[in-house]
Amino acid sequence: MSNLSRRNLLKTGAAAVGASTLGAPMIWAQNIKNVTLRQFGTGVSNLNEVAQKVKEDLGFTLEMTALDSDSVTQRAATQPNSFDIADIEYWICKKVWPTGNLQAMDTSKIKNYDKIVGTFRSGKLTPDSVIAQGTAPHTVGFTSGPNGTDFVQEESGWMTLIPTIYNADTLGIRPDLIGRPISNWSELLNPEFKGKASILDISSIGIMDMAMVVESMGEYTYPDKGNMTKEEIDLTLGIFTEAKKNGQFRAFWKSFDESVNLMASGEVVIQSMWSPAITAVRSKGIPCVYQPLEEGYRSWGGGIGLSKALSGIELDAAYEYINWYLDGWVGGFLMRQGYYSAVPETSKNHMSADEWGFWFEGKPAQGDITNPFGDVMEKAGAVRDGGSFYDRMGAVACWNAVMDENQYMVRKWNEFIAA
Amino acid sequence: MTQFPKNSSASALFMVSPLLVVLLLFLVLPIAMIVVVSFWQATEFSIIPAFVLENYEFLFGSPVTYKVFINTFKYALITWGFTLVIGFTVAYFLAFHVRSLTWQIALFLMCTIPFWTSNIIRMISWIPFLGRNGIANSALMSWGVIDEPLEWLLFSDFAVILAFVHLYTLFMVVPIFNTMMRIDKSLIEAARDAGANGAQILWNVIIPLTKPGIMIGTIFVVTLVMGDFITVRFMSGSQSANVGRLISNDIALLQYPSAAATAVVLLITVLIMIGVLLRFVDIRKEL
């Protein structure tokens, strides 16, 4: 690539942009079949369907490896040669980027860059949005230049991660067993639900849910929930340890299936939950609501980053992959499972009007809504909990985060579980 | 062999060498590695070879460690008590009440049938049974025994110990049954002839003679319970901890040195317990 663009540059005197857009398709036809890109990341978006579609549409091979978020972090930070593309969350990026194992991406090569939602660029979904606490994606989304290992707060033209998938999380409830409206995070510790509440046993996410609850109870207002001091960690876990000793919790869950079973069996009526788990409970014919709460959502987002070691035709293929990723097919695939895509408008072309209306605009479904695998997720007339994209992503109160006191927090978390 | 006493020790050494190599490679080396790693240092991303005591300092400095160890002992002790009583009774019935060998073998095999499925499945199948709307609660309620579902049936210490007893009783039955079968029946007849009643025979003849079986069963049950982490996690709904869970949490967070240090302490604890147990019975002699 570098040779070719230099040649083109000499020949035509055109800008580098011209070289990459003209040069790339030419290389394609010849060598593309031999290119293999190794992508690893968390399970959410590491889907074999995506790899298959890449082979069909772009011709090269994408190898997917799914790991849990701790292993992903470690691998991205310590083994830069073991992958070409890292599919990681923004809070992982905050830890990994300073190691210099990923390379910055030139936004001028990203075709749909201008259409990426504001959350990932200026941090503001709409011009009057308030930026949420925690590791907001735009704060770790840009770096100073091609070799930057820092973060800059403006759109510098060099991106650390290209956003791929994100969502807003809240509490799941069983409306039939609760029988009254729930509108605050503090309800998780309401003695009314003694022995019927649950929280997830994954420290980095659980602590954020806890912070939402503590703030909602009026016990404490955090300057930044995403970066607590030791005292704040002690306070937060202290409140929850006391609740645990009083028998507030039925169980803690660690895997997706556990959260579904707890809710479906009626062991638990209110708990931290992930969006697809709600759908899984509902598909069993059991009422379950992903309850929008006054304090807002806890949000998370992931993106793909390129390994420092990528160069030449592989780097071109990676850019091609990114452009394809934002082109709409993947977006539609993810949005039909309840996630959001970084460039929603391109996904629209890959969804039916009814699907778009239900998942994105918060309109009542006209017919059965099916997921990409053909399972019926919602019947006609259903409305998405929390409403439209702007209602949900516009009400984000905090982002999943990594704290400076992370190790202290993890130890305290272990004590909470053992208490 | 007797003609070449010098060679005999060499050839004996040669004959055990395959075993020696296997043990060195797959037992001694991994454990040595764990001990070494337990002195290393870890940051969030990497493990640094070093010789520091901070893993042990943190372990012994935290009140949680002691609580978790006490909890682990509690599980082991209670489970041991139940498995011993149940296992001894079952083995006694099989060995002394069932007269024909065919039936003994048939009934013994029946005991093992549940073990044809996986450990995890046998454990998890308790969850819907014990749940708030589970079979146990609905049955008790329809009989009028209770008015409200019993909450402590599931996700409690009760559930953990129930699962342990269910999973590990067979490990008590087998060795006890084995030693009982080898008790010379004429000894019992002799005791009877000498005027001993049933309880005296049990206490003075059968129990002393089955001690090695009891001890082997005890070692099985205690080590299995002490090393377990998945049963505690599932049956307590992640609400209780034992040492195994401490280790597995550390591993999940990539804190290998800290996990190794905990493992070393656990290993030493279990070895001490087995050492004490072996003081009671000389297994080698009894076998």
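Let's start with one pair: in this predicted model, Leu200(A) stands opposite Trp253(A) in strand S11(A). Local features here need pLDDT of at least 70, side-chain atom pairs count only at pLDDT 80 or more, and totals for chains and interfaces use all residues. Residues are numbered from 1 along each chain, chains are lettered from A, and side-chain values use heavy atoms, leaving out hydrogens and water.

**The sheet in chain A**
- Five strands (DSSP E runs of at least two residues) form an open sheet with mixed pairing, in the order S11-S10-S12-S9-S13.
- S11 (249–253) and S13 (289–291) sit at the edges with a single partner strand each, so one side of each has no neighbour in the sheet.
- From one strand to the next, the twist averages 25 degrees (axes are lines fitted to C-alpha atoms, with angles from 0 to 180 degrees between N-to-C directions).
- S10 (residues 197–200) pairs with S11(A) in the parallel sense over four bridges; pairing takes at least two DSSP bridges.

**A bent helix in chain B**
- H10(B) bends by about 50 degrees at Lys211(B), and Pro212(B) follows within four residues. The bend is the angle between axes fitted to the seven residues ending there and the seven starting there.

**Where the chains meet**
- Chain A gives 31 residues to the contact and chain B gives 28 (heavy atoms within 4.5 Å).
- Together they bury about 2,700 Å², 49% of it on carbon and sulfur atoms; that's accessible area (1.4 Å probe) lost on being put together, summed over both.

Definitions and conventions: Buried area is the accessible area (1.4 Å probe) that two parts lose on being put together, summed over both.
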